[in-house]
Amino acid sequence: MFYKTLNNKVKMPQLGFGVYQTPVDETKRAVLDAIEVGYRAFDTAQAYGNEAGVGEAIKESGLPREEFFITTKIWISNAGYEKAKASIEESLQKLQTDYIDLLLIHQPFGDYYGTYRAMEEAYKAGKLRAIGVSNFSPDRFIDLQHFVEIKPAVNQIETHIFQQQKVAKTYLDKYNCQIESWGPFAEGRNDFFNTPTLKEIGEKYGKSVAQVALRFLLQSDVVVIPKSVRKERMQENFNIFDFELTAEEMATIQDLDQGKSLFFDHQAPETAEFFMTLVKK
């Protein structure tokens, strides 16, 4: 396993397991399968509705809590100091843990400054080992990090071969904040799993398109959290430490970057209007 050392010296596994859109009734089983495969980092969120399943699986695994790295996120409807503070306690209860390894603000909308103050307070109380943000564009990230006491350790953003976040990564590196990918397979968009470049490189190493894509992100210093409910896919995604892409192969994959989202632009007015409808829900 590879690790990234965050700006507060906490070590974070560079490969984790995500449970976005994993059905509530399948989460526990999926996480237990992932633990058996070898995953120890798990990424969930209040908005996913499956924090409890992650907590139950980790508890049932019988492994020491300190072997795991758990990430969850505060949803936009819990934005603001008081709501965020209460939601942190609720997440701790659902996850059946005394502390969360990494807590992120899920979206850059609502009173995220108040949310961040609640996170800083919980961090100082030992309930959080690291704090950060998700989906923050460079402008919002720079603004926030300049005015908070505890600097964001992670920014989890859409990152894959077609959206490599080159500009964002430049600024995250500048401010010593770790980039983490959501959607490392672009959720199959752009016919992802038939990308000729990745197929050709994969054939050389006896690896799949998915494995080459994940290996590219690892070698780009990105933390990745692929998801699957199928154990054989979990194993495939985990088996990416026994080969290394050459500098030429890395450069070839870098040329696939389109420099834009395949989902939605957080800076677009219509995106902001959509998220505003969720603030009070």
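1. Ser-134 sits across from Gln-156 of strand 8. The strands here, like the helices, are DSSP runs numbered from the N terminus (E, at least two residues, for strands; H or I, at least four, for helices). Strand 7 (residues 131-134) and strand 8 run parallel and are joined by two bridges; strands count as paired if DSSP finds at least two bridges between them. On the way from strand 7 to strand 8 the chain passes through helix 5 (residues 138-147), in a right-handed β-α-β crossover. Right-handed means that, with the strands pointing away from the viewer, the path from the first strand over the helix to the second runs clockwise.

2. A word on provenance: this is a predicted model, where local features need pLDDT of at least 70 and side-chain atom pairs count only at pLDDT 80 or more, while totals for chains, interfaces and linings use all residues. Residues are numbered from 1 along each chain as its sequence is written, and side-chain values use heavy atoms, with hydrogens and water left out.

3. On its other pairing, strand 8 runs parallel to strand 9 (residues 178-182), with five bridges between them. Ile-157 is opposite Ser-181 of strand 9. The link from strand 8 to strand 9 goes through helix 6 (residues 166-174), and this β-α-β crossover is right-handed too. Strand 8 (residues 154-158) is mostly covered, with five of its five residues buried (buried is under 20% relative accessible area, exposed over 50%, partly exposed in between; 1.4 Å probe, protein chains only).

4. Zooming out, the open sheet has eight strands in the order 3-4-5-6-7-8-9-10, with parallel pairing. Strand 3 and strand 10 (223-224) are at the edges with a single partner strand each, so one side of each has no neighbour in the sheet.

5. Strand 5 (residues 69-74) deserves a look. Six of its six residues are buried, so the rest of the structure largely encloses it. Phe-69, Thr-71 and Lys-73 are on one side, Ile-70, Thr-72 and Ile-74 on the other, and all are buried. In a regular strand, side chains alternate between the two faces of the sheet.

6. As for its partners, strand 5 pairs with strand 4 in the parallel sense over three bridges, and Asp-43 has Thr-71 as its bridge partner. The chain gets from strand 4 to strand 5 through helix 2, by a right-handed β-α-β crossover. Going on from strand 5 to strand 6, it passes through helix 3 (residues 81-95), and this crossover is right-handed. Four bridges join strand 5 to strand 6 (residues 102-105) in parallel, with Lys-73 partnered by Leu-104.

7. Gln-14 is in the loop between strand 2 (11-13) and strand 3 (17-18). Is Gln-14 buried or exposed? Buried, at a relative accessible area of 4%. Its side chain reaches the backbone oxygen of Val-222 at 3.0 Å.

8. Now the rings. There are 20 aromatic pairs, counting Phe, Tyr and Trp (its six-membered ring) with centres within 6.5 Å; planes under 30 degrees apart are stacked, over 60 edge-to-face, the rest tilted. Tyr-20 and Tyr-48 form a tilted pair, with centres 5.2 Å apart and planes at 55 degrees. They are 28 residues apart in the chain; Tyr-20 is partly exposed at 36% relative accessible area, while Tyr-48 is buried at 18%.

9. Arg-65 lies over the face of Tyr-99, 4.0 Å from the ring centre. The criterion is NZ of Lys or CZ of Arg within 6 Å of the ring centre and within 35 degrees of the ring normal.

Note on methods:
Polar contact = N/O pair within 3.5 Å; in protein donor to acceptor, adjacent residues only side chain to side chain.
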